[in-house]
2 protein chains.
Amino acid sequence: MMTGQLEVSRARSIAGPVRLRDAFAYRQRPVDLSAIALDASDELGRWQDLNASATLPHVVAQMETSGVLDNLRKAIAGEGEFVGPPFADSDLYKTLEAVAWETARSGANPFPDFLKTSIDLLSRAQREDGYLNSHFQLPSTPERWSDLRMGHELYCAGHLIQAAVAWNRANGDDRLLTIARRVVDHILDVLGPDGRVGFPGHPEIETALMELYRETGDERYRELAALFLDRRSHLPMSGPAGFSSAYYQNDVPVLEATTAVGHAVRQLYLSTGVADLGLETGDQRTLDAAVRVWTDAIENKTYLTGGQGSRHRDESFGDAYELPPERAYAETCAGIASFMLSYRLLLATDDARYAFEMERVLRNGVLSGVSLDGEHFFYSNPLQMRTGHQADAEDSPAERLSWYGCACCPPNLARLGSSLAAYVATRDERGLTVQIPVAASFDVSGEGFSARVCTETDAPYGGRLGAVIQESSGTWRLRLRVPAGASAVAATVNGEAVPADITGYVEIEREWVPGDSVIVEATVPVRAVHPHPYVDAVRGTLAITKGPLVYCLETASAEREAILEDLRVTADGVRAAVPAPVPELETTGLVLTAHEVKAGDLPMYGEEPAPTASEPVRVTAIPYARWANRGPTAMRVWVPEL
Amino acid sequence: MMTGQLEVSRARSIAGPVRLRDAFAYRQRPVDLSAIALDASDELGRWQDLNASATLPHVVAQMETSGVLDNLRKAIAGEGEFVGPPFADSDLYKTLEAVAWETARSGANPFPDFLKTSIDLLSRAQREDGYLNSHFQLPSTPERWSDLRMGHELYCAGHLIQAAVAWNRANGDDRLLTIARRVVDHILDVLGPDGRVGFPGHPEIETALMELYRETGDERYRELAALFLDRRSHLPMSGPAGFSSAYYQNDVPVLEATTAVGHAVRQLYLSTGVADLGLETGDQRTLDAAVRVWTDAIENKTYLTGGQGSRHRDESFGDAYELPPERAYAETCAGIASFMLSYRLLLATDDARYAFEMERVLRNGVLSGVSLDGEHFFYSNPLQMRTGHQADAEDSPAERLSWYGCACCPPNLARLGSSLAAYVATRDERGLTVQIPVAASFDVSGEGFSARVCTETDAPYGGRLGAVIQESSGTWRLRLRVPAGASAVAATVNGEAVPADITGYVEIEREWVPGDSVIVEATVPVRAVHPHPYVDAVRGTLAITKGPLVYCLETASAEREAILEDLRVTADGVRAAVPAPVPELETTGLVLTAHEVKAGDLPMYGEEPAPTASEPVRVTAIPYARWANRGPTAMRVWVPEL
């Protein structure tokens, strides 16, 4: 309930990662990060706290141990060998951004030395002309701007901008902003309207430039973002390694794109930038282009977990329905990018489907990326891990690793974790909408109203979402998004029934008074989910879902020793599953009866059908995001039907 | 039947790609290439002819157009930019080898200018110290021998050796052999017993060195092969791009390996070299190591087509049972390498299973690599191609391409095609064994016997294999391998029944007289093949096989318009399939009744089971190797069961 914290945050309102600037195309608007406090009892609030207490210190420490800060020291010295992938600077920027949001949230910078060191190194490394990229500043690396396809200079600049904006918002520290603006001024010289005609092989700077525009009001940034988007497909860009132009989303003009193609993170950050541009310019064609790509991705190329990107080879989207559970790439960063894109489209459309999608990917395909100890991470998030899997180094390990040679995901999780509160609700001129069921407190105000609301929920396991008005003046609308996966929903205001829509919101507009309460009670059954028959890779299987959560079986799920690949389920068995706590995973599982067949001795290819004789075995399905927290394990989301 | 050709070839006996040297561990021995003539009526004979008339001219021409010969010109000039992957020289060597075998087979070099140009350029490019590799000889490339992992210098040298041996055998032209031996002498200096401790990241030179030893008798070559094998796993070698030591088969000592791991072509060439060493030294541990890897690959990691390598990312074997049909990598070169490995293990063990495997991969996973016009090729050989597949440049196209940026496969097919005859039979002290049912003539002689035999067959479509003795003196044993996929077999000699084993051979030892005939009549049913339940990716599907052939459906297979993904089959329907000619594909298909469901409108993830209401549709399944010869197409080997 109410604490002093909120009073503090109210003292200075702090925008989150997305700020409203020109309201042309916003049908919903961001709520300030400082206006929402997730409760420590909430599942997402616990992740936010774990992120602060474990992930952030771990990630900050890695900036030294992984060599990222040393790269800057080498750039300053003008000698030494670069360590890590060419875009390693972005690890630092994402970490700085994460610390900024944590500072905004908690009111104090938990890593003052790290910030000091980082800004000192970045200031000294930045060249006279504004250029800053430790990889390209070292000897024996290619010329600056010589490899826009894979060099990631603009990608790194994008993350620098986002970190800079975050610090400027968090506590008014504009030192990074000064560095970032000098970088952007340099980019404007080199690649701006009067410069060389180029654009980033890895999008990300577009959304960052839009945020820099939102933060500063300098229209050159918005125009540069628009320019980078507009140049796509009008210049050749393909290769290396035989990657086609679609890999870089350079196959069709951005405004004509109809499908999600190529490298998933590139595509999703690109569409995020497109959405940002559309939000600020109000251009419907621009917004429509982002919606089309999102729709193709979600309807045809998204895992049940919300994960995206079917292929390891090029970290890319596959064909429609090409969704192998084993070897699913479903990069954690792609999940985060999908979340960010959905959020912007939610702002643009006020359509609840984006909120449902945000929650799906967050609670499944994103949170699977981090361990319960907060210090281990998945890069790829497969939906199946085979008994006896032979991991090839970092490629699809059977448990989370503490760091990666290509460490894009851990600091990306950290920045999402520390800014998460800003994403769970939106506002408009009429009031507040809770977009993801959470226990939290919200400050909201608009023309003619001002209020404080507290929510509580048993999400993601149950279907209850309640709100109590703590303070209020004026008439305004409260909307609560109905918990996901509901088969029915009932809602009351102060005990009186109000309409509720399982595909959207419970909404009530009135002159609220403190003590008013809204209760949403959704019936959230366990579901036995069939894949579309075109998803060949999971034919003949069922997945178990309840509410927003996808469940899985792992080796430890069976009450007695059994080969995971020998387990079968029935739809009726799934639907009869009963919740049960799994204390060691800090979660609630679903206990059901599975059936063990003995298939091991069959020939690889034979004429006998698969055996159906089976023995029952009790299993406890666990939320997918919690898998592999009991050591390396086999796992599967899609379980064969008996 | 008998032609003058054989008289010519008898004049000088020409060994094929594998020659017998020390007979320590040979239970079967190679037959000379000059002693076998495939008949033009034979399916494999037709491929051999197509290879000569279309593929070889195409591949030879590509040596100029793709820049491979220009790389040598640049190396001679000491300036210019290298074109292609670092191992592009190997394209030339494989092409030279292919032309050598064609010269041996036909008696005349069809490309004298190409040979002259190539030898001239190679002679001039070779450095004083023997070094020869156009990539590393150009400025702005790394130091020689600085990247044994991915530099492919030893791999290229291996292919040079094989080309050199082939020419020396084909017509006694030892010019390439002189060049190759100078290269090997240089390698001995740099990496030999007294040199730096290194070994090839991409095996291939091991089997080549063994052949050079067989050709020259110089034991230093055998010892260098043994040294390269022995050094594996005793030196660190991992990366780049996060590939583990298993990618390079550097995770365990060669003699301790129990599983097929990592890059499939590397693994298979490595095991081929291991087998060659074992054959020549008679060391059972060495042979056992090759057998173990082969067995793991075949039993757990091989597609129904004989293709190997499940993953695009690192062109590697997957986990056991990880065999996705879509995005199967199953590189053509891996199929060829598997064929070469099986042949050596057949020599070592006299076990028919290796002959069955040679035929399976040859007639399915290898021949799928080349088009009916002989000028288009697949690099990867998936078992499924989706309707509307979006090809990413060279990655998994929906029809064969005329060339590849990484063009390892086309010249590999060419060298196999021109040396194929040497692989279809083996000999021992007792006589001749026809290992792959073909129509051909064979010359065979041994201690106390000499003979000429002609065979005829309706393989691969039927189960008949006949042999007629043309000439004979002495007592000797004729063995005919029973056609694959037989459910029953009967055999006669001059009309009298003799024993026959469907898992092996019909064998008769007698004093043959001209006119004696053997007839093998196998019953070869159409089979409905179920995958092992652990092969999740094809659960609930059936494949259609008959004899050695795997069949598939492609878009044009249905008699009326139907979405391939909507087709279903039943096991009974498959077994009732009737052969029918498919003239445009120069093959015999299988006509059966499939069932069309309408699945398109279902949601991606829902609670309704897949529809079973269906309408019959007649389809003509075609041999897998013939797919995509009617334009880009959807295709599937594994068809869902109704």
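Predicted model: local features only at pLDDT ≥ 70, side-chain atom pairs only at ≥ 80, totals over all residues.
The interface of the two chains involves 66 residues of chain B, which are in contact with 66 residues of chain A. Between them, chain B and chain A bury about 5,200 Å², and 48% of this area lies on carbon and sulfur atoms. Three residues, B:Tyr534, B:Met604 and B:Tyr605, supply 15% of the area that chain B buries against chain A, more than any other three residues.

Polar interactions also span the interface. Across the interface of chain B and chain A, 34 residue pairs are found in polar contact, with both residues of each pair at pLDDT 80 or more. The elements of chain B that give two or more residues to the side touching chain A are helix H12 (284-300), strand S14 (526-531) and strand S20 (605-606). Of the contributions to this side, that of S14(B) is the most, with five residues. Classified by residue type, the side of chain B that touches chain A comprises 27 nonpolar, 16 polar and 23 charged residues.

Salt bridges between chain B and chain A number 10. B:Glu607 forms a salt bridge with A:Arg527, and the closest N and O atoms of this pair are 2.4 Å apart. Over all chains, the count comes to 112 salt bridges. Within chain A, A:Glu102 is bridged to A:Arg105, with the closest N and O atoms 3.0 Å apart. Both A:Glu102 and A:Arg105 belong to helix H4 (residues 89-106) of chain A, where they are three residues apart, about one turn of the helix.

Within chain B, helix H2 (residues 43-65) packs against helix H15 (residues 409-419), as shown by contacts between residues of the two helices. The axes of H2(B) and H15(B) come within 9 Å and cross at roughly 140°, and the crossing is left-handed. On the H2(B) side, the contact is made by B:Trp47, B:Gln48, B:Asn51, B:Thr55, B:Leu56 and B:Val59. These residues meet B:Pro410, B:Pro411, B:Leu413, B:Ala414, B:Leu416, B:Gly417 and B:Ser418 of H15(B). By class, the contact of H2(B) with H15(B) has eight nonpolar and five polar residues, and no charged residues. The side of chain B that touches chain A, by comparison, includes 23 charged residues.

Notes: Residues numbered from 1 in each chain as written. Chains lettered and ligands numbered in written order. Heavy atoms only, no water. Axes fitted to C-alpha atoms, helices over the stretch in contact; angles between N-to-C directions. Helix = DSSP H or I, 4+ residues; strand = E, 2+ residues; numbered from the N terminus. Left-handed = near helix turned anticlockwise from the far one by under 90°. Contact = heavy atoms within 4.5 Å. Nonpolar A, V, L, I, M, F, W, Y, C, P; charged D, E, K, R; others polar. Buried area = accessible area lost by both parts, 1.4 Å probe. Salt bridge = Lys/Arg side-chain N within 4 Å of Asp/Glu carboxyl O. Polar contact = N/O pair within 3.5 Å; in protein donor to acceptor, adjacent residues only side chain to side chain.
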